[in-house]
Amino acid sequence: MKKVAPQKNRASRETWIDAAYTAFVNDGIEAVKIMPLAKTLNLTRTGFYWHFKDLSDLHDAIIDIWRTRNTGIIIERCATPAQSLCAALFYLIDCWIDNDLFDAPLDLAIRNWARNDARLQTLVAQSDDARLTAVKALFARFGKTGDAAHYRALTVILTQTGYYSMHVSEPRLQRAIAGCQYVEIFAGAPPSPSEKDAFLDRHR
């Protein structure tokens, strides 16, 4: 029986998106182009169009990953049931330490792209509003409302944004130890020993 060569143009949609994600995070949106991606994947240009209408469709797929992986996870973690404000903040700060929860390089790449893309800048602003609203709601659950909630939430978000925009690199446990200090600052009260131990155990 004659063997049929595998079709080079039928790789999955996820294969293309994964390659685009890598190029985007490493080199910016200018690197996300059909022919360079096809060459990297050893696929054909035709194969791209099995899964995407055009390059903008692939760009939108990257944006969708960012919305889910970064904004979505912050909203989810802020709503996690907790017995105290410190415990609730620890669930959020898990995002800043665990790369499987929050993708800092992706967030930075999106913000860099948005500087030259008005539509994306609008989406980033909407995302930032949603994140701030979620963190404010976290504080409100524990009696911090109005300006007390707003500026605490803003400080939480800007602290994390500062870390990755300045390319701060720390061992995971060291970052978690610092997180304990940040929680005390954000909450205005120290976490209990059991809360602190539970948080550090998640990052050892």
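Modeller: Contact means heavy atoms within 4.5 Å. This is a predicted model, in which local features need pLDDT of at least 70 and side-chain atom pairs count only at pLDDT 80 or more, while totals for chains, interfaces and linings use all residues. Residues are numbered from 1 along each chain as its sequence is written, and side-chain values use heavy atoms, with hydrogens and water left out.

Biologist: How many helices and strands are there in the protein chain?

Modeller: Both are DSSP runs numbered from the N terminus, helices being H or I with at least four residues and strands E with at least two. Read along the sequence, the pattern is α-α-α-α-α-α-α-α-α-α. The C-alpha trace spans about 70 × 40 × 30 Å along its principal axes. The count is ten helices and zero strands.

Biologist: How far apart do the C-alpha centres of domain 1 and domain 2 lie?

Modeller: The bounds come from an automatic or database domain assignment. Domain 1 covers 9-52 and domain 2 covers 67-202. Their C-alpha centres are separated by 31 Å.

Biologist: Which residues of domain 1 lose the most area to domain 2?

Modeller: Four residues of domain 1 are in contact with seven of domain 2. The two domains bury about 480 Å² between them, 80% of it on carbon and sulfur atoms; buried area is the accessible area (1.4 Å probe) that two parts lose on being put together, summed over both. On the side of domain 1, 79% of what is buried falls to Tyr21, Phe24 and Ile29.

Biologist: How many salt bridges does the rule find across the interface of domain 1 and domain 2?

Modeller: A salt bridge needs a side-chain nitrogen of Lys or Arg within 4 Å of a carboxyl oxygen of Asp or Glu. One residue pair is in polar contact across the interface, both at pLDDT 80 or more. A polar contact is a pair of N or O atoms within 3.5 Å; within protein, one must be able to donate a hydrogen and the other to accept it, and residues adjacent in sequence count only if both atoms are side-chain atoms. For salt bridges across this interface, the number is zero.

Biologist: Is helix 6 largely enclosed or exposed, and how many of its residues are buried?

Modeller: Buried means under 20% relative accessible area, exposed over 50%, and partly exposed in between (1.4 Å probe, protein chains only). The buried residues of helix 6, among them Trp113 and Arg111, pack against helix 1 (13-27), helix 4 (55-78), helix 7 (118-141) and helix 8 (146-165). Helix 6 (residues 104-114) is largely enclosed by the rest of the structure because the buried count is nine of eleven.

Biologist: Which residue has a side-chain oxygen reaching the backbone nitrogen of Leu106?

Modeller: The approach is at the start of helix 6, to within 3.0 Å. The oxygen belongs to the side chain of Asp103.

Biologist: Which side chains make polar contacts with the side chain of His203?

Modeller: His203 lies in the segment after helix 10 (193-201) and counts as buried at 3% relative accessibility. Its partner at 2.7 Å is the side chain of Asp94, a buried residue with a relative accessible area of 2% in helix 5 (residues 85-97). At 3.1 Å there is a contact with the side chain of Arg172.
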